[in-house]
Amino acid sequence: MTEKDYQEALDWLFVQAPNYQIQGQKAYKPGLDNIRALCKHFGNPQEQIQTIHIAGTNGKGSTSNMLASVLQEAGYKVGVYNSPHLVDFTERVKVNGKKADKVFVYDFIRKLKTLPETIRPSFFEYTTIMAFDYFFRQQVDFAIIEVGLGGRLDSTNIILPRVSAITNVSLDHTSILGDTVEAIAREKAGIIKPGVPVVCGDQNERVKEIIKEVAQSKETKYVDASIGAPSYSSDLEGRYQINNIKVVLGLVEELKNQGVGISNQNIEEGLKNVGRNTGFIGRWYRFSEDPLVICDTGHNRAGLEEVFSQLESMDLFKHMILGFVNDKDVGSILPLLPKNAAYYFVKPSVERGRHPSEYEEELKKMKINYKIFEDEQSAYLYVKQIVTKKEMIFVGGSNFVVGKFLEKNLQE
């Protein structure tokens with residue numbers, strides 16, 4: 001296999017299958033029949049691994065990687081399935097922080113090309129079965145599986161995990177999951193299985209009631225991880241990580257109740273070394289110190305509210321490079337923008353990226369200092385020329401903005 005062979009195989013995967021990451025709602029394929037047929041075709045590898053299931057509007061990636069780091073410190077071999085990727089496709093499927101082997105990915109895509117005509121998977125279904133099969137072949141002790149979208153009808157929802165978690169619930173993907181927090185909570189609670197404890201990190205009492213009701217209907221344990229203050233800290237710096245740490249601690253406690261050996265030292269070291277152990281980047285990621293450049297993939301109102309609040313508290317002038325996709329309510333996000341800043345709005349480099357000219361009238365009403373660029377790299381190169389030592393650069397608003405920025409600049 002050459003690098004060209006590998007890239008051609010990936011190109012086929014992205015082009016041939018409906019892909020929510022690129023196309024948005026029109027690529028969403030709800031229902032589990034397809035993924036069940038796909039898994040059966042490959043011998044149901046998901047039934048032969050121990051799994052942990054993570055759902056939530058925000059915090060899934062941070063929580064799954066924190067937990068993976070803790071389990072790795074305890075000596076376990078841990079697979080993590082996250083989405084979307086930022087720079088390289090193989091980021092989606094990792095074992096002990098090492099990205100999936102490209103030869104495996106290439107060979108697996110070749111197998112996918114020969115599927116029966118009766119199975120027509122989406123892009124996410126393809127990647128989900130790929131992750132299950134990889135973790136099975138790697139003989140992981142635990143596979144931490146992040147929900148792609150929602151929960152009840154998500155492709156990952158065919159596993160029977162040891163424990164599940166719902167990090168939080170807020171308005172996002174409303175055209176698919178429902179236009180109220182209550183409706184979205186019920187969709188995410190769809191991952192709850194009989195006899196499988198569920199850890200809930202949401203602060204909203206109504207959300208907690210709904211998740212608890214579903215847990216009781218499934219005759220399983222509900223754990224409220226929203227209370228108290230954790231005595232541990234993490235190398236993932238965002239202030240919002242405090243809530244994710246509480247979810248991780250709830251998951252760890254339930255695993256310990258099931259006989260999984262994890263010490264307090266494993267927890268402490270695991271939380272402090274998430275980056276080193278898992279290679280996880282993207283959340284409050286310090287790309288550089290001189291100038292200070294921070295990237296964050298928060299992309300919905302709830303996530304950006306946390307990020308912008310932390311930025312507001314920093315006594316630095318901010319150069320904010322931001323871009324949004326079509327399904328985000330930009331009008332509800334703009335009032336959250338930090339005040340002591342200049343703005344550079346860009347179009348994310350995907351089909352569903354929204355060009356800033358489409359919401360420029362709203363920008364004018366905000367009376368902020370802004371410029372529009374065609375892409376994130378053009379904006380970054382411009383800002384690099386004017387930023388001073390007493391200022392900082394922020395890159396965010398979308399996974400795709402952060403991903404393309406890192407792809408362009410990590411390699412330099």
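Mentor: Let's start with a term: helices (H or I, at least four residues) and strands (E, at least two) are DSSP runs, numbered from the N terminus. Keep in mind that this is a predicted model.

Trainee: Is Arg354 buried or exposed, and how do you know that?

Mentor: Buried means under 20% relative accessible area. Arg354 has 16%, so Arg354 counts as buried.

Trainee: Which residues is Arg354 in contact with, leaving aside its neighbours within four places in sequence?

Mentor: Among them are Phe324, Val325, Asn326, Lys328, Val346, Pro348 and Tyr359.

Trainee: And what makes the link between the side chains of Arg354 and Glu358 a polar contact?

Mentor: The cut-off for such a pair of N or O atoms is within 3.5 Å. The side chains of Arg354 and Glu358 are joined at 3.5 Å, so this pair meets the distance limit.

Trainee: Which residues of H9 are buried?

Mentor: They are Val207, Lys208, Ile210, Ile211, Val214 and Ala215. These residues cover an arc of only 160° around the axis, so they sit on the same side of H9. The face turned away from that side carries the exposed residues Glu205, Gln216 and Ser217.

Trainee: What do the buried residues of H9 pack against?

Mentor: Their partners are strand E6 (163-166), helix H8 (181-188), strand E7 (198-200) and strand E8 (222-224).

Trainee: What makes Asn204 a cap for the N-terminal end of H9?

Mentor: Look for a side-chain oxygen of Asn204: it lies 2.8 Å from the backbone nitrogen of Arg206.

Trainee: Why do we speak of a nonpolar core?

Mentor: The name is used because its members are buried Ala, Val, Leu, Ile, Met, Phe, Trp, Tyr and Cys residues joined through side-chain atoms within 4.5 Å. In the largest one, with 38 residues, Leu13, Val105, Leu112, Met130 and Phe135 touch the most other members. Helix H6 (123-138) is one of the elements that give two or more residues to this core, and H6 supplies the largest share, 9 residues. A second, separate core of 29 residues includes Ala225, Val248, Val252 and Leu255.

Key:
Residues are numbered from 1 along each chain as its sequence is written. This is a predicted model: local features need pLDDT of at least 70, side-chain atom pairs count only at pLDDT 80 or more; totals for chains, interfaces and linings use all residues. Side-chain values use heavy atoms; hydrogens and water are left out. Buried means under 20% relative accessible area, exposed over 50%, partly exposed in between (1.4 Å probe, protein chains only). A polar contact is a pair of N or O atoms within 3.5 Å; within protein, one must be able to donate a hydrogen and the other to accept it, and residues adjacent in sequence count only if both atoms are side-chain atoms. Contact means heavy atoms within 4.5 Å. The arc is that of the directions from the helix axis to the C-beta atoms.
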